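Dear colleague,

Here is the structure I promised to pass on. My notes on the sheet and the cavities follow below it.

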Amino acid sequence: ARSTRTRRLGVSASTAGRGFSRARAVARDDDASADATTVIPRYGEGGCFVDHCDAATVSRIQEALLASTPKKTGVAGPGCLSSLTFAVKDNLDVRGARTGAGSPRWLATHPSAANANARAVDAFVNAGAVFVGKTQMDELAWALQGENAHYGTPVNPAAPERIPGGSSSGSAAAVAAGFCDLALGTDTAGSVRVPASYCGVFGFRPTHGAVSMRGCVPLAPSFDTLGWFARDAKTLQRGGDALLPDDACNESFSRAVLAEDALEACDEVTADIVRLCVEHFAAKNARVFRDAQTVRLGGDGNEGSLALPPAPPLVEWWDAFRNLQTREVWSALGAWIEAHDDTLEGFGPGVRDRFAAARDASRNAQDDPEAELRIVKRSLAVRQSVSKRLLKLTKDGAVVILPSAPGPPIPRTSAAEEVEAFRASQLRLTCAAGFAGAPQVTIPAAALVGNDLLSGPVGVSLMSAPGTDKALLALARELTEQSSVC
């Protein structure tokens, strides 16, 4: 019976090893090669799945998972994901598979297969979903481009000539290519929201702490969250049914605000697309979106009729986020790096620079603790003021509309300087939810306004108060009913 069920879901050993998918591309302009015949590989060069969890390994894990007795998770009844397939980012443990975290050095120093599933993997399995593989990711999750110097760049099914975004690159690409219905990822500074936007799929970053991170390689724990991807909002919501606790309150959304300074961080076309999406939202739900007020996420005080506490301008948030993140990363991973790669030679470009900065910050803290205290106190003050302002802004049923990315993903051949500049622009948009610990859903603009106006895939986000995750997922489904990127 188990073999029959596995075959029925299309994930037997033969289908788990299926070599490619043919993507329906969203991109335009310079992506002339992105047509209906574009081949999206599963494994190997350009593939979205890791080679160390190959088809045979996936098949063994499938049988073992199906044979195990489901355990109650306390957040969902069995069966809410029945008939769905899912993939898992390679910084999450899957029993019987090795965890590589996008790093050959991590894989080599952790040679044994995991002996237990990450809590989120258990939740999906117990809800009836079938595992189909582990996905590629940026090295140790500390990048946003989706480019890995060791394993390559997964092909972006929505725009094959452009980057897929990261660090949950393979999970987003696997969903976009149709290799699975759902995929688990992690989001510290945008690693679900960004690849969802770039690959033209739905993505969700939950309230910080709402979904267990047990069984995950950490990056910056006070910002780390476990998110997921789907091709439509209904499936995204079903993933939340398996993973999320009930909302902290039953209050419904009553109003929307549009983040003006976030739009200013985008290119003009993307800002216009977001405004068109707001018009679509208003047509779907006039009560919440028709009179959406324009506000600034950062500012000196009140916004029109809204009494808000002050916070630094949006453009200044990233420096504080980076200072805090860098120190948390070294606290989480510094001992392992010093034990196995103290010269940092095993890291790819960009990632190597960030770990070097984290190491230097740790050494500087020892040499000059007073200066370190000033840096941390200043950054924490920014985090607290931003969090206080955003929590006030989302209080009493408000939802914030903002772009998921400053524009479509840049070409895969972009120069390093362009990559870093685009990354900096991207991070100014994504650190808001990190500071506030708030949930944020990414909706592909193509599902709302079609492809004709788009020069490439781009997402629009909705952010709400912490503890309103299920309500936010339900709102995303309401706004995109009969819309899909399948």
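A word on naming first: helices are DSSP runs of H or I with at least four residues, numbered from the N terminus. Keep in mind that this is a predicted model.

Cavities. Four of them reach 30 Å³ or more. H15 matters for the second largest cavity: with four residues, H15 gives the most to its lining. That cavity holds about 50 Å³ of space. Its lining includes Leu144, Tyr198, Val419, Phe422 and Arg423. By class, the lining has six nonpolar, two polar and one charged residues.

The largest cavity has a volume of about 60 Å³. It is lined by 13 residues. Nearest its centre lie Ala141, Trp142, Ala143, Ala189 and Gln325. Helix H15 (416-436) turns up here too, as does helix H12 (317-340); each supplies at least two lining residues. Eight residues of this lining are nonpolar, four polar and one charged.

Sheet. Ten strands form an open sheet with mixed pairing. The order is S4-S3-S5-S7-S6-S11-S12-S10-S8-S9. S4 (130-135) and S9 (293-295) are the edge strands, each with a single partner, so one side of each has no neighbour in the sheet. On average, neighbouring strands are turned by 25° against each other, direction ignored.

Within it, S10 (residues 398-403) and S12 (residues 459-463) run antiparallel, joined by four bridges. Leu402 stands opposite Ser461 in S12.

Best wishes

Conventions
Residues are numbered from 1 along each chain as its sequence is written. This is a predicted model: local features need pLDDT of at least 70, side-chain atom pairs count only at pLDDT 80 or more; totals for chains, interfaces and linings use all residues. Side-chain values use heavy atoms; hydrogens and water are left out. Two strands pair if DSSP finds at least two bridges between them. Axes are lines fitted to C-alpha atoms, for helices over the stretch in contact, and angles run from 0 to 180 degrees between N-to-C directions. On a 1 Å grid over the protein atoms alone, a cavity is a set of points where a 1.4 Å probe fits but cannot get out, and a pocket is an open set with protein on both sides within 12 Å along at least five of seven lines; lining residues have an atom within 4 Å of a point. Grid points are joined across faces, edges and corners, and a volume is the space filled by probe spheres set on the points. Ala, Val, Leu, Ile, Met, Phe, Trp, Tyr, Cys and Pro count as nonpolar, Asp, Glu, Lys and Arg as charged, and the others, Gly among them, as polar.
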